[in-house]
Amino acid sequence: MTDLSSAPGATPAGVRKPHSLYEVDALTKRRNATEFRFRLYGIIAIAISLSVLALMLFTIFSDGISAFRQASLSFPVTLTEEKLDPAGNRNREEMAKVTTIGYSNLLKENFAAYVNSQGFEVEGLTDAMIGDMLSRDAAAQVRNQVLADPELIGTTIDVTVLANGRIDGYLKGRVNREEALRDKNVTPEQLDLTDKLVDQGILTVAFNWGFMTRPDASDQRPESAGLGVAILGSAYMMMIVLVLTLPIGVAASIYLEEFAPKNWFTDLIEVNISNLAAVPSIVFGILGLAVFINFAGLPQSSSLVGGLVLTLVCLPTIIIATRASIRAVPPSIRDAALGVGASKMQTVFHHVLPLAMPGILTGTILALATALGETAPLLLIGMVAFVGTHPSAPIQGFFEPATALPVQVYGWASRSDPAFLERSSGAVIVLLFFLLIMNAIAIILRRRFERRW
Amino acid sequence: MSMSMVYLVIAVLAVVGFLLCRARALASAGGEARNLHSLPNYYGWHAVVMTVLPSLLVLIVWLIAQPIYIERQLENYFPPGALEDDSQRTLIMGDVRRVAAGIETAVSRGAMTSDEADALSPEDVRARLAAARIPLGSEVSGQVLDAAQDYRQIVIWGAFGRAALAILVSALGLLYAVSVSNKDFRARNRVEQVTLGVLIVASMIAILTTLGIVLSLVTEAGRFFTMYPFTDFLFGLKWDPKFQGNSTFGLIPLLWGTLYISLVAMIVAIPLGLFTAIYLSEYASPRVRSVVKPAIEVIAGIPTVVFGLFALVTVGPFLRDFIAQPLGLGNSGASVMTAGIVIGILNVPFISSLADDIINAVPQAMRDGSYGLGATPSETIRQVVLPAALPGIVGAVLMAGSRAIGETMIVTMGAGAAATMSLNPFEAMTTITVKIVGQLTGDTAFDSPETLVAFALGITLFVITLALNIVALLIVRKYREQYE
Amino acid sequence: MVNKVNNMLDDARLKDRTMTGTDIKITARNVQVHYGTSHAIKDLNVDILNNTVTAFIGPSGCGKSTFLRCLNRMNDTIASCRVDGEIKLDSEDIYDKKVDPVQLRAKVGMVFQKPNPFPKSIYDNVAYGPRIHGLARSKADLDDIVEKALRRGAIWDEVKDRLQSPGTGLSGGQQQRLCIARAVATEPEVLLMDEPCSALDPIATAQVEELIDELKQNYSVVIVTHSMQQAARVSQKTAFFHLGNLVEYGETGQIFTNPKDPRTESYISGRIG
């Protein structure tokens, strides 16, 4: 007591000089400057992250948006009988012996003749150069058309075929005349002709539906490469993932949340799930390769194996999300149901699960979105291979080789022709579009059914 | 009888069982559902469970057992020494399966009758199949043809036996269900027990997955280490796989590249992520937070392959043209810096959202105490909030580190493939994940060390990331307990 | 003996106060506080004296804690809170634009309902305030300040041998006295206490109350309390709040024995609360 009463003012240390609140002293000024800097660091950090994100989206969109437009040439072709149906009996099997090379020559001749008939004067332009402006894919397209309808032979039809990738690139600003001098695939004369053809409406640029529907194409034909197989493959895999993860994930979560006794075994399961969620996805690819392909003998590159691997990748996340939404259902609901004599199982399936369902669906959709963008494990199970034909309809199609959207992005990005960069970026746009839709659905679900207890 | 027919029959039996047992139970209670032990539908579901589940189990066991039995059976056709070598064995068995499948397809296409197929001789089998447009790679030896014929027989009889057994079991199950369906039978309890069993099996898939990962990694890596010395792999300073064999697989350069890139990534991600989290949780108004937080999280929602493309097309060339070349540090677009910076950005939302949670878990009373003493917000954050949240933040950083180490697409597209060890961050280096992809997507035979080394790399990656995650989880769990 | 001295001191100071009236520490005029749309404090006027324990009593939600938090601008940290009117500390408006709340809070310290020691050592808990306000020129200085604060917090004897052990390891009552020591270490002029004993057991409460009684020799102490007994035990002046209004303010003895307002009487006699 005495000690305390003598304390005030006795020691000079710690005694603040009385001063007005209106004056900000030097120390406070320094402290406020530090405060300002600290705050600024936060803003800078956010600005850096967001501007990198914006830059990324911007570059990818500006590189990729042109993939949705494609140059094509329209001109008349006379389908001469002696070239396309030497036997002359319109028998499809015999006509099929004429390869695309035969069609290609016919198309080139016809196109060159048509261009020459239009009276364009370009110095140094040879017929071969004119013919090379067509895509290598054009022959296959016309061949399919003829084989589908042999009666066309002998007539003259108007065809619209893809232009060569370099011509397409020129119209999109990717190829210019200086480069054309060095590039053996295109000549400046062809570019001069291109300008004239555009003026005449023979060469037109239109929306590129083929990008969404065609299969992948070889290195020589970037203009005909499309995402058809990749979109189908991704869709098949998403179906498999959804069908497998939702029941398994819900069942596992119900057991762990509602029934599991607290013992070492359930502890083991819990630790397992949280660790699996953090295992790099590529390890799941190794698992898929070793177990599904080498051990179980499932077909390589197939959507089935891809779907199974992706199921394992996203099962832990789904279980974690599902458990969270089951836990969010208040115990009072369970007590109420148990109180009127429902069994534990009835309580869970009649009351808890329906209430947790919006949360479970949201979590599942978000996990599906992650699975849709997953690339590394799919590379290991062979989905990076070139797939030139669409898989057939489910269930047969699940066993056939396919590829996936993100894998296609990677596959095209690793090719040397810059035309494939445009495709790759375009594929990213498609991929992001699907992700956006899935996330939007998840957000709407959450908004609409969100419940606050 | 095809599998789908079997399933159809079982499904029909199940429906019949459902209706029958439900009706029987009701009848035993004199049509009065109140006198039943369980609701009428439970008797129906009990019948469904009894009809479907045992026969499905039989089918699964049969499907697993049949290939093993066939392999045993086919061994008799070959001389004792011929199958000792593993790769030899796979080759021969593959031949047998192909020939058998070829003959079967030919029969189903109508190119030959079943009798003709049985009478095929080793000399003409290839020609006959080629005529039916079924190409075989090589001439067929007598042993292989005999084995293939036997294989066909076993498969045909196997399919028949399987169908018969499955349907029989299903019918027995149905009979049993019918026999017990009366008003005192505890159908609900039985159905619930089965449901619980299904739930338990579902929750064990996680364990099975881990088991599958560990087993496949360990067995294949074990095969690799019989061909290549363990110490040479673990401490080797040179990575040089060759197509012709005689390759050198030293882990150290890959580990160096992996850790170097992850270090750069963490140097980028930690300050950005932490300051983002601090700003969002301590300074931002609710409005700003509601806009910025989702925007940052968009980064986490974008697939890594997109970041890989960004690294390849934009970041790599930018760093090369504006930093590496002017400073004379190299002229490679793919580099440690390229991959590290992009992975760093990718990890920002991960660190920031974890740190945000952790910072928010620090009780408001702590902050009030500090503000009440006249501390500024930054002083409060640095001296009170962060020290209190530190264990959790360390955990978050470790998790982010493990993600950076396991990241695949960005390094595949942005770091390069050259297994060099250098201090220059503008040089292309490679990582464990890049080499896993590289070795497993090549054309080498699956049994060669060039392919199997990927499993040794996989196990290395698995162990590193798992260790980091377990440590992180322990730290975070301990931290959570502190405030709960 | 001690009691008698205390009584005499009280009497002397009371007389002093009534004679001069110059030692008014805080004046509040027409204070209005809004949380978003709800009107938490309505037109409040009060003078808080130096070297006095002033108790704010009233039922839950009456605005007493809100008003307390206005006195050192702790409400600034709540975005939706708006304070109008005038609150003066030593005749300077604390809501003036020129005033830095950081400096204000160094003058007006605060102790909270739940003991909230930082997850640091006992020493660092107490040294925190002096460090950020630059009150110590040397380590020895700081040691001095910490010791003095801990003595004033009446906890020195219990912790002097374990200054480096964590503050969170103390018992509840010790933690609260540590928090008081932490608050007085910055040499405030006013000490605000928001139900400082509500989380403590009776013995710890008695210790803290004794401490409050001692603190009034150096500070103007404002205490919000739920317990009327506590208000009667520790305070010289009492303010009764009801539904955001300051209903009655006066000598503690007078409020408890002879309340002028019927609402005060109801509350004191336990009819509202």
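Reader: Let's begin with a pair of strands. How many bridges join strand E1 of chain C to strand E2 of chain C?

Author: General idea first: strands (E, at least two residues) and helices (H or I, at least four) are DSSP runs, numbered from the N terminus, and two strands pair if DSSP finds at least two bridges between them. Here, strand E1 (residues 24-35) and strand E2 (residues 38-49) of chain C run antiparallel and are joined by eight bridges. For one example, C:Ala28 has C:Val46 in E2(C) as its bridge partner. The hairpin of E1(C) and E2(C) has two residues between the strands, and C:Gly36 takes a positive phi near 60° there.

Reader: Before we go on, what kind of model is this, and how do the labels work?

Author: It's a predicted model, where local features need pLDDT of at least 70 and side-chain atom pairs count only at pLDDT 80 or more, while totals for chains, interfaces and linings use all residues. Residues are numbered from 1 along each chain as its sequence is written, chains are lettered from A and ligands numbered from 1 in the order in which they are written, and side-chain values use heavy atoms, with hydrogens and water left out.

Reader: Okay, on to sheets. In what order do the six strands of the open sheet in chain C come?

Author: Read across the sheet and you get E6-E7-E8-E3-E9-E10 (chain C), with mixed pairing. Strand E6 (108-111) and strand E10 (245-251) of chain C are the edge strands, each pairing on one side only.

Reader: Do E6(C) and strand E7 of chain C run parallel or antiparallel?

Author: Parallel: four bridges join E6(C) to strand E7 (residues 190-194) of chain C. Look for C:Met110, which stands opposite C:Leu192 in E7(C).

Reader: Which strands make up the open sheet in chain A?

Author: Three of them, in the order E2-E1-E3 (chain A), with antiparallel pairing. Strand E2 (156-162) and strand E3 (203-207) of chain A sit at the edges, each pairing on one side only. Neighbouring strands of this sheet are turned by 35° against each other on average, direction ignored. Strand E1 (residues 69-78) of chain A pairs with E2(A) over seven bridges, and A:Leu73 stands opposite A:Val161 in E2(A).

Reader: How about where chains meet? How much area do chain A and chain B bury between them?

Author: Buried area is the accessible area (1.4 Å probe) that two parts lose on being put together, summed over both. For chain A and chain B that's about 6200 Å², 80% of it on carbon and sulfur atoms. In chain A, the residues losing the most area to chain B are A:Phe38, A:Met56 and A:Ile286, together 10% of what that side buries. Contact means heavy atoms within 4.5 Å, and 72 residues of chain A are in contact with 74 residues of chain B. This interface has one salt bridge, in which the closest N and O atoms of A:Arg31 and B:Glu379 are 2.7 Å apart. Helix H2 (residues 26-64) of chain A gives the most to the side of chain A that touches chain B, with 22 residues.

Reader: And which residues of chain B lose the most area to chain C?

Author: Chain B and chain C bury about 1600 Å² between them, 65% of it on carbon and sulfur atoms. B:Gly372, B:Leu373 and B:Gln383 lose the most on the chain B side, together 36% of what that side buries. In terms of contact, 17 residues of chain B meet 22 residues of chain C. There's one salt bridge between these chains, from C:Arg69 to B:Asp368 (3.8 Å, N to O). Helix H14 (364-372) and helix H15 (377-406) of chain B each supply at least two residues of the side touching chain C, and H14(B) gives the largest share, seven residues.

Note on methods
Salt bridge = Lys/Arg side-chain N within 4 Å of Asp/Glu carboxyl O. Axes fitted to C-alpha atoms, helices over the stretch in contact; angles between N-to-C directions.
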